[in-house]
Amino acid sequence: MASETRTHLVVLFGGRSAEHDVSCVTAAHVLAAIDPERYRVTPIGIDREGTWMLAEGARAALAAGPAALPERLEPVGDVVTPDAVLATTAAGERTVVLPLLHGPMGEDGTVQGLLELADVPYVGSGVLGSAVAMDKAVAKDLLAAHGIPQARHRAFAEHQVTDALLAELIDDLGLPCFVKPANMGSSVGVSKARDLDGLREAIAHALTYDEWVVVEEAVIGREIEVAVLGGITPEASGAGEIVPGAEFYDYEDKYVTDAAELLIPAPLTAEQTEEVRALAVRVFQALRCDGLARVDFFFEEGGRGFLCNEANTMPGFTPISMYPKLWQAAGLDYSELIDRLVDLAVDRHTRRRRNTKH
C-alpha cells in the first residue's frame, strides 16, 4: 500500500485490571498478524499501576519479523504520556488506536473517553457502549428493557449484603448459583456457590474485584457464542459452541489449559443458528456496541431456548479465542479482520465528527 495512505497504529496492551496478562498475550498475536506495509506500529504497554511505556522490545521484535515476537508482550520501556504518543503522526499518515485492553480501566469506557478527548479514531465501542457492556448489572437491565431473554439474576452493591439478602438469593435463584463481579471479564472472580457458606465466600471473593456483584441461576444448557462485526449495519458470524474442559468455562480453561473444545460451526439447526445470530445483533445494538463484540448465550434445549449471558466489547484474540476463529470460519482471516476493525474505527470517527457541532 502506498505510504501516503499508511496508518500509524497505536497498539495499547497490558493495563491495570486483573486481565492484564490476557491483554499481553492478545497483543503479541495481533502484532504478529499486522501488515507492515499498511501500518506503522507503535506498541504501548500500560503497567499494572497505569503507567504508559513505549514497548521498545516489542517494536524491535516486530521489525525483525512476526516470528521474532514472543508469546506475550511485556509493558516495559521508556515512560511516555498519552498526548505525546497520539501526537506522533507523520505527514501523510492517519493515527488509529487499537486498545487491546480487557476489563476495568481499558474496556469500560475510561480509555475510550481519553481517546475521544484526544480526537483520534479507535477500534471498538465508544464510551457508552464500552461502559454499559462492561457492567453486567446495567447491561442486564438494559437487555431486559429490550426484551432479550436472560437467565434469572440479582445484582447488588457491597453495602447491601446481609444475611437476609443471602436467604433471598437462595430462595429466588436456587442452588447452585454463579457469583460474578459486575465489572470484570475473562471469568475472573467467578465462583459457583453450592450452599449458604459457599455463597457468602463467593460474594466476598467477587467483592475483591468490584463493589457490585451479580448472582445468577445455574443454567443447564450449552454455551453458544456469536461474533459481531460492524457499525451502523453490524454483521453476525456463524455460531460456535464451547464444551468446557472444567466444570464451567473459567479463566484457566480460556487462557491456560486449552482444555475446552471449540465447535465451529456449533451443532445447531439452520433455524436455531439464524435465531441466535439475530439475537446477537439485537444485543450488540441494544448495548450501543460498535466495531466488534462477542455475544455469549446459554442454550436451554427443550426449555427457554437462547439466553443471553453477556457481550464482550474487546474479546480475546489469542490463538484459542472464539472471536477470530468464528470470522476465520466465515472466510475473514486474522489480518483481514484487523484491517476491517481499523476501517470501522475511522468510519465511526468520521461519522461522529460529522454529527457533533464543534
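Predicted model: local features only at pLDDT ≥ 70, side-chain atom pairs only at ≥ 80, totals over all residues.
Which residue in E8 is the bridge partner of Cys177?

**First stop: the open sheet**

Select Cys177 together with Ala193; Ala193 in E8 is the bridge partner of Cys177. Now extend the selection to strand E7, residues 177-181, which pairs with E8 in the antiparallel sense over three bridges. These two strands belong to an open sheet of four strands, whose order is E6-E9-E7-E8 and whose pairing is antiparallel. To find its edges, select residues 153-157 for strand E6 and residues 191-193 for strand E8; each of these edge strands pairs on one side only. From one strand to the next, the twist averages 25°.

**Second stop: the helices on the sheet**

Select residues 136-145, which form helix H6. Helix H6 packs on the sheet and touches E6, E7 and strand E9 (212-217). The direction of H6 makes about 55° with that of E9. Next, select residues 163-173 to display helix H7, which lies across E6 and E9 and runs at about 165° to E6.

Remain at strand E9 and select Glu217 with Arg304. The two residues form a salt bridge, with the closest N and O atoms 2.9 Å apart. Because Glu217 lies in strand E9 and Arg304 in the loop between strand E13 (291-300) and strand E14 (305-312), the pair ties together parts that are 87 residues apart in sequence. Is Glu217 buried or exposed? Glu217 counts as buried, at 9% relative accessibility, whereas Arg304 is partly exposed, with a relative accessible area of 38%.

Arg94 forms a salt bridge with Asp343, and the closest N and O atoms are 3.6 Å apart. Arg94 counts as partly exposed at 32% relative accessibility, and Asp343 counts as partly exposed at 30%.

Then select Glu235 and Arg340, whose side chains meet in a salt bridge (3.1 Å, N to O). Glu235 lies in strand E11 (residues 235-243) and Arg340 in helix H12, 105 residues apart. Glu235 is partly exposed, with a relative accessible area of 40%; Arg340 is partly exposed, with 30%.

The structure as a whole holds 29 salt bridges.

Methods:
Residues numbered from 1 in each chain as written. Heavy atoms only, no water. Pairing = 2+ DSSP bridges. Axes fitted to C-alpha atoms, helices over the stretch in contact; angles between N-to-C directions. Contact = heavy atoms within 4.5 Å. Salt bridge = Lys/Arg side-chain N within 4 Å of Asp/Glu carboxyl O. Buried < 20%, exposed > 50% of the residue type's maximum accessible area, 1.4 Å probe, protein only.
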